[in-house]
Amino acid sequence: MSDKTYKLKLTALSPIHIGTGEDFEPTNYVIDNNDKGKPRLYEFDEGAFYRALSDEKKREFTKIVSDISANARFKLYGFIYENTAIAKRVAFRNIEVLSKVAEEYKNKIGRVVQREGGGRNVFNDFRIAKTYTSPNTNKPIIPGSSLKGSISTAYQEALYKQMGDYGEVERLMLRPTPENLFKNFLIADANATKQGTFVGHTINIKRNKEPKTDNNSLKPKLQAISATSEFETTINCKDPLNFEAITKSCNDHYLPLFRSQFDFRTDEFTRKALDENFIQKYEKWNPEQNQFLLKVGKHSGARAVTVDGVRNIKIMTGRGRPPRYEKEETTVWLRGGGSNGTLVPFGWLLCEVVGVDK
């Protein structure tokens with residue numbers, strides 16, 4: 001029986017967000033410049049924050065957290081903002097924040113502190129979705145399950161094109177039976193070797209419909225793995241699977257999607273929105289022989305996570321109206337929040353085989 005373990009180097013070509021279901025809550029962080037004038041998010045523990053307060057401020061803090069009125073949360077928010085220096089001093093980690101997010105934080109927090117309108121929305125606006133990180137090191141991790149799921153989609157597509165029967169593909173790939181092929185395909189969590197994360201906006205645009213204004217775009221906030229971050233992992237592959245066939249299926253599935261984002265004919269307004277440096281770097285790019293492409297994490301897009309030939313993407317058409325079904329998604333989520341206003345896609349990951357143990 002063939003049993004090989006492949007060592008891989010992974011490089012983020014664009015930001016990646018692996019959701020955890022947890023958020024940075026606006027009562028447990030502040031955003032402020034570091035000593036180099038760069039905006040950072042400082043996350044702290046409420047207990048440590050309280051212990052660092054003066055006796056007078058402890059009494060004020062206790063009074064606020066004992067308040068059961070509807071405005072108590074925003075009083076607490078304002079109190080923390082006014083004591084940013086203390087929050088920074090006790091913070092247990094800090095993360096890069098893109099400039100537009102930092103500016104919005106300063107502007108909206110000011111309204112809360114002054115008890116003007118919009119406070120309730122500010123609290124929701126500044127919940128920031130966390131990406132997956134190690135609880136011991138705070139470094140980002142790409143779970144093996146995320147990698148395996150992305151590879152599985154591509155290989156399902158390859159099998160479907162060979163067999164012409166997706167029911168048989170489901171039997172071989174998706175059912176928890178002894179015949180499941182991917183029980184012979186094991187991927188370890190990918191640990192960071194060169195890494196960084198940041199906080200930015202996510203912006204939703206129509207792929208082939210010009211945006212009305214930037215203000216009409218949805219802008220949820222999240223923490224993401226920075227482009228150029230690097231990881232290492234291993235894949236163990238056993239018979240009857242063929243590793244080279246699997247990696248080829250990944251390029252067959254993901255490379256056309258990667259190229260389509262640069263195409264005026266299929267993704268006109270995606271192309272117009274993309275950062276020019278990203279376009280110049282990757283428009284003509286091709287993977288090397290020992291490389292394959294994946295798309296992982298949130299905002300990967302419906303085409304990336306479905307099989308060509310059987311996909312049926314649900315498109316919502318408005319409240320009270322029935323959905324329609326298409327072969328492609330109609331929108332794309334891009335990373336925003338930088339000072340120059342340019343956008344980049346989420347989720348692109350380059351995998352490179354750097355060694356094999358037999």
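This is a predicted model: local features need pLDDT of at least 70, side-chain atom pairs count only at pLDDT 80 or more; totals for chains, interfaces and linings use all residues.
Residues are numbered from 1 along each chain as its sequence is written, and side-chain values rest on heavy atoms, with hydrogens and water left out.

The protein chain contains eleven helices and 18 strands, where helices (H or I, at least four residues) and strands (E, at least two) are DSSP runs numbered from the N terminus. Along the principal axes, the C-alpha atoms fill a box of roughly 70 × 45 × 40 Å. Of the 358 residues in the chain, 48% are buried; buried denotes under 20% relative accessible area, exposed over 50%, and partly exposed the range in between (1.4 Å probe, protein chains only). When contacts (heavy atoms within 4.5 Å) between residues at least 6 apart in sequence are considered, 77% join residues at least 24 apart. The chain carries 56 positive and 45 negative side chains, and the centres of these two sets lie 3 Å apart; Lys and Arg count as positive and Asp and Glu as negative, while His and the chain ends are not counted, and each charge is placed at NZ of Lys, CZ of Arg, CG of Asp or CD of Glu.

A nonpolar core is defined here as a set of buried Ala, Val, Leu, Ile, Met, Phe, Trp, Tyr and Cys residues joined through side-chain atoms within 4.5 Å. The largest such core comprises 60 residues, of which L147, I151, F185, F258 and L294 touch the most other members. Helix 9 (residues 243-260) supplies the largest share of this core, namely seven residues. Beyond its neighbours within four places in sequence, L294 is in contact with L147, S150, I151, C250, Y254, G347, W348, L349 and C351. A second, separate core holds 26 residues, including F61, I80, I109 and I128.

No disulfide, that is, a pair of cysteine sulfur atoms within 2.5 Å, was found in the whole structure. The cysteine sulfur closest to that of C250 belongs to C351 and is 7.3 Å away, which is too far for a bond. C250 is buried at 0% relative accessibility, and C351 is likewise buried, with a relative accessible area of 1%.

Several local features fall in loops. D267, in the loop between helix 9 and helix 10 (268-273), is buried with a relative accessible area of 3%. Residues up to four places away in sequence aside, D267 touches R207, N208, S260, Q261 and R303. The peptide bond joining D239 and P240 is cis, with omega about 5°, and P240 lies in the loop between strand 12 (230-238) and helix 9.

Positive phi values occur at N138, with about 65° although this residue is not a glycine, and at H299, also not a glycine, with phi near 65°. N138 lies in the loop between strand 6 (128-131) and strand 7 (141-142) and is partly exposed, with a relative accessible area of 32%. H299, by contrast, is buried at 16% and lies in the loop between strand 13 (291-295) and strand 14 (313-315).
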